[in-house]
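Consider the predicted model below.

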Amino acid sequence: MKGVQKWYGGYQALRDVDLTVRKGEKIVLCGPSGSGKSTLIRCINRLEAIQQGNIVVNGHRLDDSIKAIDVVRQDVGMVFQSFNLFPHMTVLQNCMLAPIRARRIGKSAAEATARKFLERVRIGDQAEKYPAQLSGGQQQRVAIARALCMQPKVMLFDEPTSALDPEMVKEVLDTMIGLANDGMTMICVTHEMGFARQVADRVIFMAEGQIIEEGSPDAFFRNPQHARTRQFLGENPRPSLNGVLP
Amino acid sequence: MTPHFGLPEFGFLLRGLQWTVLLTLVAFAGGCTAGLAVALLRTCGHKGVEWITRIYIGIFQGTPLLLQLFVVYYGLALTGLKLDAFVAVAIGFTVNASAFLGEIWRGAIQAVPRGQTEAAMALGLHYSSRMRDIVLPQAIRISLPATIGYLVQLIKGTSLAAIVGFIELARAGQIVSNQTFQPLLVFGVVGAMYFILCWPLSWWGSRMEARLALASQR
């Protein structure tokens, strides 16, 4: 991602953002609300169009063509704050739809894949239920499994635990930690600093649409360079590992 | 000697009822098909296309149905296209229904949360699959009470077809009433026939609405 600029009308949401993520790297994006973190990751799978700059995913340059958008979306999975499961389909159907429609995989193969990933997020026994019958934490784990069923190369997380009750945050974070340990490339927008500390290779701090500071979690939390970062970290709970370690 | 209202007269009304039902079914089926196209075009994201469909809806919602039937029946006849009365009113009602149903479904499509479309896009689903698998199933559920409500309006509205000489239930009632001089009895029977058609639909619609309200509370 190089020189990315994005405007909403007259408001500039991203200012000249450069970011390179290596294969297998885990990035945590943090910053105050309105700083452009969500916008940034939504540009990566073209839920938002950019006005200037370049985005290359897994060697494919993202432009306005349907083909390029298609190719990139095949490689990029995304998990949303509000889960966005399809309410009229069972958990299993939620996970099977995209592989069948977008990857043209046979029904039985899609079901086998879906069950495998549902098992992996430890929710295999709920496959026949509808999303509304599950707790928030369970729904988010289904959403993670649904994204994994497309076998993405990169996973984007857009505040995956912000809509959850505190006691459900851990089960979702544990699932994400498991995914990280399996070597998935991950870009996470999150306020869970404990997660950042434990999993991230790099923590990136954004404000007003710019990347202000980035570094290893250790350096980032122990010795933030910018006043803006220090202020942000001061306002947020100190990073602790409590409740996040498996 | 004027005939009294008897079995033959009742049979005549029943045939009128048949035509009312047939016209409703044709207009509703045609209106659903064309209305779906209108709703999809109205939400396609292309400014020009959305603008054109908005005008289309505006014209058919903003002029009397009676006028539209006149135009189809008499207007097209002037251009040399002489249509059978049933075909003419069927076309008129279909076009009119497509505008109303199109607008109802446009609202329903837009009422499906944006996150549903975003999740589908993030999964790499194309427009056709996003609509068919994700948005429309939810939109239809949302629009069902309003759609049924419109169907009830349509059943009663078909009585306008009498204006171009098409004999449906209301017109049949008028004919029988003129022959028997028993308007109260005849129109009472006609009214009961409309009621038997419409009331169960209305009841079903409001039950559906209550069920939807319950579901959205969960």
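Three elements of chain A, namely strand 5 (56-57), helix 4 (107-120) and strand 9 (185-189), each supply at least two residues to the lining of the second largest pocket. This pocket holds about 520 Å³ of space. Its lining consists of 25 residues, and those nearest the centre are V21(A), V57(A), N58(A), V154(A) and T185(A). By class, the lining has 15 nonpolar residues, 5 polar ones and 5 charged ones.

The interface between chain B and chain A comes next. Here 18 residues of chain B are in contact with 21 residues of chain A. Together the two chains bury an area of about 1,700 Å², and carbon and sulfur atoms give 60% of that area. Of the area that chain B buries against chain A, 33% is supplied by E118(B), A122(B) and L123(B), more than by any other three residues.

E118(B) also takes part in a salt bridge, with R42(A) as its partner; the closest N and O atoms of the pair are 2.6 Å apart. In total, 2 salt bridges are found across the interface of chain B and chain A. The number of residue pairs in polar contact between these chains is 7, counting pairs in which both residues have pLDDT 80 or more.

On the side of chain B that touches chain A, helix 5 (114-122) and helix 6 (127-157) of chain B each supply at least two residues. That side of chain B divides into 8 nonpolar, 6 polar and 4 charged residues.

Methods: Residues are numbered from 1 along each chain as its sequence is written. Chains are lettered from A and ligands numbered from 1 in the order in which they are written. This is a predicted model: local features need pLDDT of at least 70, side-chain atom pairs count only at pLDDT 80 or more; totals for chains, interfaces and linings use all residues. Side-chain values use heavy atoms; hydrogens and water are left out. On a 1 Å grid over the protein atoms alone, a cavity is a set of points where a 1.4 Å probe fits but cannot get out, and a pocket is an open set with protein on both sides within 12 Å along at least five of seven lines; lining residues have an atom within 4 Å of a point. Grid points are joined across faces, edges and corners, and a volume is the space filled by probe spheres set on the points. Helices (H or I, at least four residues) and strands (E, at least two) are DSSP runs, numbered from the N terminus. Ala, Val, Leu, Ile, Met, Phe, Trp, Tyr, Cys and Pro count as nonpolar, Asp, Glu, Lys and Arg as charged, and the others, Gly among them, as polar. Contact means heavy atoms within 4.5 Å. Buried area is the accessible area (1.4 Å probe) that two parts lose on being put together, summed over both. A salt bridge is a side-chain nitrogen of Lys or Arg within 4 Å of a carboxyl oxygen of Asp or Glu. A polar contact is a pair of N or O atoms within 3.5 Å; within protein, one must be able to donate a hydrogen and the other to accept it, and residues adjacent in sequence count only if both atoms are side-chain atoms.
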